[in-house]
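Subject: Structure handover

Hello,

Here is the structure for you to look through. My notes follow below it.

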Amino acid sequence: MKTYRQGATGALTDEYERAIMELRTLLLGISETEFIAIKNTLLSENFQSIRNIISHVVRSGYSYANYIRNRFGEEVFKNEVRIESIGDAINNLEYMFLYTLETLRNKDHLTYNDLMKTLIKTSWTTYDLEALMEHAIVHILRHRLQIQKML
């Protein structure tokens with residue numbers, strides 16, 4: 001039986017982990033050639049190859065965690081993501097998830113109402129903590145689908 005994390009942040013973390021694991025499984029099923037191949041030069045560089053999409057996903061994951069850390073006055077990690085292979089991608093996704101786990105570790109006591117009251121200003125809008133984590137989850141799902149369509 002699977003053990004689930006407790007509380008509202010636990011449920012969000014479980015879903016975030018599931019989205020990352022689905023992306024990881026997809027990556028394990030492709031070749032290194034497919035991973036680095038430029039698929040569409042009409043798109044922004046972030047989205048021209050699977051490698052670039054994963055780099056974008058990992059950088060964004062760190063950004064979401066850092067927005068949360070900033071909101072709580074905690075130290076942030078400035079990461080220069082460098083992904084050259086599928087192995088690098090999987091490792092970086094794992095490191096980003098562990099960083100997010102650490103970010104949420106001392107927030108598992110927050111109730112649903114606490115989450116709704118915790119406003120976090122990003123560079124594009126303001127979220128409550130739950131909505132920011134939901135955005136992070138859907139961000140991974142959206143790019144996983146984008147990769148599936150590329151293959």
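In which helix is the place of Thr9? Thr9 sits in helix 1. Before the rest, the ground rules. The model is predicted, so to read it: local features need pLDDT of at least 70, side-chain atom pairs count only at pLDDT 80 or more, and totals for chains, interfaces and linings use all residues. Residues are numbered from 1 along each chain as its sequence is written, and side-chain values use heavy atoms, with hydrogens and water left out.

Overall fold

The chain has six helices and two strands. Both are DSSP runs numbered from the N terminus: helices are H or I with at least four residues, strands are E with at least two. In sequence order the pattern is α-α-α-α-α-β-β-α. The radius of gyration is 16 Å, close to the 15 Å that the globule rule gives for 151 residues, so the chain is as compact as a globular protein of that length. That radius is taken over C-alpha atoms, and the globule rule is 2.2 Å times the number of residues to the power 0.38. Along the principal axes, the C-alpha atoms fill a box of roughly 45 × 40 × 25 Å.

Of the 151 residues, 43% are buried (under 20% relative accessible area, with a 1.4 Å probe and protein chains only; exposed is over 50%, partly exposed in between). Contact means heavy atoms within 4.5 Å. Among contacts between residues at least 6 apart in sequence, 67% join residues at least 24 apart.

Helix 1 covers residues 7–28. It has 22 residues and reaches 31 Å from first C-alpha to last, close to the 32 Å expected at 1.5 Å a residue. The expected span is 1.5 Å times one less than the number of residues. Buried residues of helix 1 include Thr9, Leu12, Asp14, Tyr16 and Leu23. Their cover includes helix 2 (32–36), helix 3 (50–71), helix 4 (86–105), helix 5 (112–117) and helix 6 (129–150).

Thr9 is buried, at a relative accessible area of 4%. Leaving out residues up to four places away in sequence, Thr9 touches Lys107, Asp108 and Leu115.

Helix 2 and Phe35

Phe35 lies in helix 2. Its relative accessibility is 0%, so Phe35 counts as buried. Beyond residues up to four places away in sequence, Phe35 touches Leu27, Ile30, Ser49, Ile50, Arg51, Ile54, Ile83, Glu84, Ser85, Ile86 and Ala89. Phe35 and Phe47 are 12 residues apart in sequence and 12 Å apart in space, C-alpha to C-alpha.

Helix 3 and His56

His56 belongs to helix 3. His56 is buried, with a relative accessible area of 14%. Setting aside neighbours within four places in sequence, His56 is in contact with Asn46, Phe47, His139 and His143. His56 and His143 are 87 residues apart along the chain, yet their C-alpha atoms are separated by 9.3 Å.

Helix 4

Helix 4 has 20 residues. Its first and last C-alpha atoms are 28 Å apart, close to the 28 Å expected at 1.5 Å a residue. Its buried residues include Ile86, Ala89, Asn92, Met96, Phe97 and Tyr99. What covers the buried residues of helix 4 includes helix 1, helix 2, helix 3 and helix 6.

Best wishes
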